[in-house]
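Visitor: I would like a short tour of this structure. Please show it first.

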Amino acid sequence: MTTLKYTEDHEWLRLEGNGEVTIGITDHAQNALGDIVFVQLPDVGASFAAGDEAAVIESVKAAGELKMPLAGTVAAVNEVLADTPATVNEDPLGDGWFIRIKLDDPAALDGLLDEAAYNALID
């Protein structure tokens, strides 16, 4: 079973086998945003500090951003979202991922919320 980590900003992170981390928004976040109509992703190779705006998300209700939960360099972006941003609504924890990063400090993952703590936050 894959263990996800969460942020208080409603992002999820999944450690991949190659040491990279996949990042997306939670089901709670996509429900709050409503139908997502546009996603602007960063360039592969871009580096971000924790808290930096990494992607723009526009929905029928509001515009928001994906904040970089941890410092790292973008290794891959989900190109599917350019043409079908609604994928985030349909499968936020799977095909609706946003970016994959190489963490500056992999140990920083330990400071994020586990599923129980995240569920307590949103309840």
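Visitor: How do the residues lining the largest pocket divide into nonpolar, polar and charged?
Guide: This is a predicted model: local features need pLDDT of at least 70, side-chain atom pairs count only at pLDDT 80 or more, and totals for chains, interfaces and linings use all residues. Residues are numbered from 1 along each chain as its sequence is written, and side-chain values use heavy atoms, with hydrogens and water left out. Ala, Val, Leu, Ile, Met, Phe, Trp, Tyr, Cys and Pro count as nonpolar, Asp, Glu, Lys and Arg as charged, and the others, Gly among them, as polar. The lining splits into 5 nonpolar, 3 polar and 4 charged.

Visitor: Which element gives the largest share of that lining?
Guide: Helix 1 (27-33) and strand 7 (63-67) each supply at least two residues. Helices (H or I, at least four residues) and strands (E, at least two) are DSSP runs, numbered from the N terminus. The largest share, 4 residues, comes from helix 1.

Visitor: Where does H10 lie?
Guide: H10 is one of the residues lining the largest pocket. H10 is not a glycine, yet its phi is positive, about 70 degrees. Its place is the loop between strand 1 (4-6) and strand 2 (11-15).

Visitor: Which residue forms a salt bridge with E16?
Guide: A salt bridge puts a side-chain nitrogen of Lys or Arg within 4 Å of a carboxyl oxygen of Asp or Glu. The whole structure has 1. Its closest N and O atoms are 2.8 Å apart, and the partner of E16 is R14.

Visitor: Is R14 buried or exposed?
Guide: Buried means under 20% relative accessible area, exposed over 50%, partly exposed in between (1.4 Å probe, protein chains only). E16, at 22%, is partly exposed. R14 has 16%, so R14 is buried.

Key
On a 1 Å grid over the protein atoms alone, a cavity is a set of points where a 1.4 Å probe fits but cannot get out, and a pocket is an open set with protein on both sides within 12 Å along at least five of seven lines; lining residues have an atom within 4 Å of a point.
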